Amino acid sequence: MTKFRHKPKLPYCGLTIVLANPSRFDTRELLTGNAGTWFLDTLRQAANGKLIRFHCDIRTSNTRDEGLLEGTRVVFCLGETAQHEWFAPQTELKAQRGSPHVAHDDIIYLSSFTPQDSHDFQAYEQRLNANYRGAHDDDAEADDSEVKGHKGATKRTNYKFWLGMDTYKCVRLLNQGLANTGRCAVSVYPDAERVVSELQSTKNSTLYLDIETLFDRTLTCVGFAFEGRPVYVFPIRRYHGGLAYDVLKTCKMMAALGTAMRDNLCVTHNGHAFDWLVLAHHYRIPFGRRLYDTMIAQNRCWPEAEKSLGHCLSLWTDEAYHKDDGVFDPHNTQQEEALWNYNAKDVHALRLLKAAFDKAGVDDPGLGASIEQGQQMIYPYMVAALRGIRADAAKITEIVTENDRLLTQYLRIAKVLIGPDNYAILKGKSEAGFLSSNKQAAKYFYEIQKYKCPHKTDTGEDAVDVKAMLKLAIALKKKSIENPVIPLRLKFAEVKKETSMLSNLNLWPEKAYL
């Protein structure tokens with residue numbers, strides 16, 4: 001791979017920018033094209049116009065043997081290869097990104113996506129760039145349903161957002177250094193009496209809570225802290241499968257935890273979908289009415305950005321990356337101690353995030369009101385999730401009966417629209433035929449009608465989902481063609497889905513409502 005290095009032509013600002021490789025547009029110098037120009041403009045804006053490329057040392061990763069310039073304070077690594085070769089060889093870029101690392105020479109290292117990757121809708125660089133050096137990217141979209149405790153995956157469509165935020169952080173670190181959050185006092189495996197006293201005696205404060213479980217939701221440890229107090233982590237299950245405390249002490253601590261959640265504002269991350277629900281449903285530990293979920297706060301601040309705890313920490317704090325420290329199913333004392341310390345770091349992180357969201361709410365009162373409104377919805381929705389909602393059984397039966405009649409009529413209409421001969425071919429094993437079968441629907445639209453398929457499925461087959469049907473209808477409309485079978489199929493699927501959901505409701509006996 002070609003080596004590039006552009007040393008500063010103006011007084012050096014202390015920032016070295018390292019790229020994993022030149023982009024496919026960097027033929028003569030680095031950071032060219034639309035992506036490179038956007039990145040340099042973002043860098044300038046982050047520094048209030050006081051920083052341009054000629055103040056920086058800009059280079060490719062394979063120039064490491066040339067050393068750093070004197071006065072370097074921050075090294076900004078763009079791309080996974082640059083991160084691996086310069087400071088974090090064992091961690092994936094999507095995990096480490098945005099989390100600063102301080103080297104032994106007090107230089108701060110930060111990593112993020114390359115500008116070109118952040119602008120490409122697909123992984124064009126690895127396919128079109130002969131100089132590409134990096135991991136394989138299958139363009140898979142991410143969600144926030146990752147395994148608890150790890151930074152969730154990052155959508156390619158959000159690469160640009162995260163690179164922009166990391167660039168602003170990079171400039172802040174260059175000018176101000178790391179934010180001083182102080183050391184966190186931690187008490188691991190404390191006496192049960194101390195835990196009970198701490199939980200029961202504290203009222204009208206803020207309780208920061210995080211739990212760790214096995215994949216079957218078996219509780220392994222509980223971490224908590226009050227405002228301005230040490231973090232406590234008390235294990236429930238030891239690595240050998242036995243209880244960490246005897247049964248009586250364990251029950252007293254869990255009961256005290258319920259008391260603390262009742263008497264204080266309880267803060268956790270994704271508690272509305274995990275921590276509070278697991279404690280309530282699996283262990284009968286009730287949550288209080290004053291609840292604060294930092295994931296909901298993140299969603300109100302940046303609705304389209306990822307919301308995992310790892311992402312939040314990289315966005316709002318200068319904490320080092322720790323989401324790979326925990327061993328969630330420990331098999332020896334070292335692994336369980338690593339889990340307990342990991343849990344303590346998560347609890348400490350909640351304090352930092354809550355403070356950051358509070359400050360954001362003060363700076364923007366409208367945002368603060370939105371965050372508060374989201375928190376107020378936690379209790380009623382969790383109660384509904386645990387207890388269900390009251391339903392009218394007679395009305396459900398009426399709707400299902402009406403839907404069955406509608407489905408019968410839709411089948412009769414379909415037979416008329418496509419003709420009896422085609423209907424006999426397409427109905428397959430079910431009388432519903434192509435109205436419910438994707439395979440038969442694809443045969444009708446793309447083989448019999450000769451329509452052009454809007455897109456393929458992940459397995460390479462012709463798509464006939466809702467998105468494909470709508471695209472097909474729009475394409476036909478442009479040609480002044482209307483096929484009533486398309487809206488008929490969509491309506492059939494809608495009514496059938498409603499019927500299926502209503503028919504599978506788990507209705508409680510009437511006395512359960514009393």
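# Close-up views of a predicted model

**View 1. Helix H6 against helix H11.** In this predicted model, helix H6 (residues 159-176) packs against helix H11 (residues 309-316) at an angle of about 40°, and their axes lie 9 Å apart. H6 is therefore oblique to H11. On the H6 side, Trp162, Met165 and Lys169 make the contact. On the H11 side, the contact residues are His311, Leu313, Ser314 and Leu315. By class, this contact has four nonpolar residues, two polar and one charged.

**View 2. The whole chain and its confidence.** The protein chain has 514 residues, and 48% of them count as buried. It holds 19 helices and twelve strands. Along its principal axes, the C-alpha trace spans about 80 × 70 × 50 Å. Take the contacts between residues at least 6 apart in sequence: 69% of them join residues at least 24 apart. The pLDDT averages 91 over the chain, and 94% of the residues score at least 70. Residues 142-147 have a pLDDT below 50. Beyond near neighbours in sequence, that stretch has nine contacts in the model. Where pLDDT is low, predicted coordinates should not be read in detail.

View 3. Six strands form an open sheet here, in the order E1-E3-E2-E4-E6-E5. The pairing is mixed. Strand E1 (5-6) and strand E5 (101-102) are the edge strands, and each pairs on one side only. E1 pairs with strand E3 (residues 57-60) in the antiparallel sense, over two bridges. Arg5 has Arg59 of E3 as its bridge partner. Helix H6 packs on this sheet. H6 touches strand E2 (15-19), strand E4 (74-78) and strand E6 (108-112). The direction of H6 makes about 170° with that of E6.

**View 4. Thr60 in strand E3.** Is Thr60 buried or exposed? Thr60 sits in strand E3. Its relative accessible area is 0%, so Thr60 is buried. Setting aside neighbours within four places in sequence, Thr60 contacts Met1, Thr2, Lys3 and Phe4, among others. Its other contacts include Val18, Leu19, Asn21, Pro22 and Leu30.

View 5. Strands of a sheet pair through backbone hydrogen bonds, either parallel or antiparallel. Which way do E8 and E11 run? Strand E8 (residues 206-213) and E11 run parallel, joined by three bridges. Thr206 stands opposite Leu265 in E11. Three bridges also join E11 to strand E12 (residues 291-293), and these two strands run parallel. Here the bridge partner of Cys266 is Leu291 in E12. In a regular strand, side chains alternate between the two faces of the sheet. In strand E11 (residues 265-268), Leu265 and Val267 point one way. Cys266 and Thr268 point the other way. All four of these residues are buried.

**View 6. His348 in helix H12.** His348 lies in helix H12 (residues 333-363). Its relative accessibility is 10%, so His348 counts as buried. Which residues does His348 contact, leaving aside its neighbours within four places in sequence? They are Thr181, Gly182, Cys184, Val231 and Glu319. His348 and Phe224 are 124 residues apart along the chain, and their C-alpha atoms are separated by 8.8 Å.

Terms used. Residues are numbered from 1 along each chain as its sequence is written. Side-chain values use heavy atoms; hydrogens and water are left out. Axes are lines fitted to C-alpha atoms, for helices over the stretch in contact, and angles run from 0 to 180 degrees between N-to-C directions. Helices (H or I, at least four residues) and strands (E, at least two) are DSSP runs, numbered from the N terminus. Angles under 35 degrees count as roughly parallel, over 145 as roughly antiparallel, 65 to 115 as roughly perpendicular and the rest as oblique. Contact means heavy atoms within 4.5 Å. Ala, Val, Leu, Ile, Met, Phe, Trp, Tyr, Cys and Pro count as nonpolar, Asp, Glu, Lys and Arg as charged, and the others, Gly among them, as polar. pLDDT is the predictor's confidence in each residue, from 0 to 100. Buried means under 20% relative accessible area, exposed over 50%, partly exposed in between (1.4 Å probe, protein chains only). Two strands pair if DSSP finds at least two bridges between them.
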